[in-house]
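Okay, everyone, thanks for coming. Let me put my protein up on the screen and then talk you through it.

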Amino acid sequence: MKIEFGTKALKFLSKLEKGSKERVFKRIKKLGNDPFPSDVKKLKGEKDVYRIRIGDFRVLYRVIPEDDTILVFRVDKRSRVYGH
C-alpha cells in the first residue's frame, strides 16, 4: 500500500526533532506492509479510522482499500490528537 500524508500531519512532523521524526516515519512506513499491526486501535465513532501509538505520539490514519492507500491525516501528542 502507498502512504500519503495530510497537511496537518506533515506540518507536525516537520517540527519534530530528528530522532523523534525518524522513529515516527519508520513506524509509519511499516504500515505500508501491514496497515493493521497488533497494537492498532480502531477509533470509535469514526469510519475506517485507526490509531497507532509511538511513545507519546499518536498517528491517526484511514485505510482506503480501493486506492490501495493509507492516508495519515493526523500526527500529534496524545493530549492534542483526538480533538480533530
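Predicted model: local features only at pLDDT ≥ 70, side-chain atom pairs only at ≥ 80, totals over all residues.

Quick housekeeping. Residues are numbered from 1 along each chain as its sequence is written, and side-chain values use heavy atoms, with hydrogens and water left out.

We have three helices and five strands, and reading from the N terminus the order is β-α-α-β-β-β-β-α. The radius of gyration is 12 Å, close to the 12 Å from the globule rule for 84 residues, so the protein is as compact as a globular protein of that length. For the record, that radius is taken over C-alpha atoms, and the rule is 2.2 Å times the number of residues to the power 0.38. Helices (H or I, at least four residues) and strands (E, at least two) are DSSP runs, numbered from the N terminus. The C-alpha trace spans about 35 × 25 × 25 Å along its principal axes. Of the 84 residues, 42% are buried. Buried means under 20% relative accessible area, exposed means over 50%, and partly exposed is in between, using a 1.4 Å probe and protein chains only. The areas themselves come from the Shrake-Rupley method.

Now, how many salt bridges are there? The count is four, where a salt bridge is a side-chain nitrogen of Lys or Arg within 4 Å of a carboxyl oxygen of Asp or Glu. I'll show you some of them.

Start with Lys-18 and Glu-22, whose closest N and O atoms are 3.6 Å apart. These two sit four residues apart in helix H2 (residues 18-31), so about one helical turn separates them. Lys-18 is exposed at 61% relative accessible area, and Glu-22 is partly exposed at 48%.

Next, Arg-27 bridges to Asp-39, with the closest N and O atoms 2.6 Å apart. Arg-27 is in helix H2 and Asp-39 is in the loop between H2 and strand E2 (41-42), so this pair ties together parts that are 12 residues apart in sequence. Asp-39 is partly exposed, at 31% relative accessibility.

Then there's Asp-76 with Arg-74, at 3.3 Å from N to O. Are those two buried or exposed? Both are buried.

Glu-4, Glu-66, Asp-67 and Asp-68 form a negative patch. Patch members have over 30% relative accessible area and no salt bridge, and like charges are joined within 9 Å. Asp and Glu count as negative, with the charge placed at CG of Asp or CD of Glu. Glu-66 is in the loop between strand E4 (57-64) and strand E5 (69-77), and it is exposed, at 67%.

Asp-68 is in that loop between E4 and E5 too, partly exposed at 42%. Look at its backbone: phi is near 55°, a positive value in a residue other than glycine. Most residues other than glycine have a negative phi. Asp-48 also has a positive phi, about 55°, and is not a glycine. You'll find Asp-48 in the loop between E2 and strand E3 (49-54), partly exposed at 30%.

That's my tour, thanks!

Note on methods. Patch = residues over 30% accessible without salt bridge, like charges linked within 9 Å, V, L, I, M, F, W, Y side chains within 5 Å. Areas by Shrake-Rupley, 256 points an atom, 1.4 Å probe, with all protein chains shown as cover.
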